[in-house]
Amino acid sequence: MRLPILVAVLLMMSTNLSAGCEQLAVDTSRGTVRDTASGLTWSRCLLGQSSSRCLGEGASLSWIDAINKARAVESGGVSNWRLPKIEELVKLYSIGPACLAAAFPGIGSSVAWSASANLDYATAAWTFDLVKGVAVVNAMDSRLQILLVANPN
């Protein structure tokens, strides 16, 4: 899928979603955020951040290392963590930047990996700027941060 087509699809998806912050159920004791609309559970902190305030920079890994690390994580009572698809990151962002900043205190100026490879470039994958709400293609050997997601049980 070419970038302009994907961006157009992502923009259409985000304009159809207008939920309030109540859509995000934060569990500070487990370090998770549940999106009540999608049923997805998100890690409240970037992988590698600590405490309920998500302190620190978070781990920066290549795409393949991020995929493998995500599969190995067990935290917050969740054992099926994975990297999110680019569409899932777009839907999360569409809830609203202010809601995300409140629910995910450590995202700062983070660009996070998605599980979505770029079909036009064999060595690139989609990433998402969690502050600007922009999907970007990055080389798979770039070192970026990780926001984990899990499917409903």
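Visitor: Is Asn118 buried or exposed?

Guide: In this predicted model, local features require pLDDT of at least 70 and side-chain atom pairs pLDDT 80 or more, while totals for chains, interfaces and linings use all residues. Residues are numbered from 1 along each chain as its sequence is written, and side-chain values use heavy atoms, without hydrogens and water. Buried means under 20% relative accessible area, exposed over 50%, and partly exposed in between (1.4 Å probe, protein chains only). Because its relative accessible area is 5%, Asn118 is buried.

Visitor: Which backbone nitrogens does the side chain of Asn118 reach?

Guide: Asn118 is found in the loop between strand E4 (111-117) and strand E5 (124-129); strands (E) are DSSP runs of at least two residues, numbered from the N terminus. A polar atom of the Asn118 side chain lies 2.9 Å from the backbone nitrogen of Asp120. At 3.0 Å, the side chain also reaches the backbone nitrogen of Tyr121.

Visitor: With which residues is Asn118 in contact, leaving aside neighbours within four places in sequence?

Guide: Contact means heavy atoms within 4.5 Å. Under that exclusion, the partners of Asn118 are Ala124, Ala125, Trp126 and Val137.

Visitor: Which residue stands opposite Val33 in E3?

Guide: Two strands pair if DSSP finds at least two bridges between them. E2 and strand E3 (residues 41-43) pair in the antiparallel sense over 3 bridges. Their hairpin has 5 residues between the strands, among them Gly39 with a positive phi near 85°. Opposite Val33 stands Trp42.

Notes:
Helix = DSSP H or I, 4+ residues; strand = E, 2+ residues; numbered from the N terminus. Polar contact = N/O pair within 3.5 Å; in protein donor to acceptor, adjacent residues only side chain to side chain.
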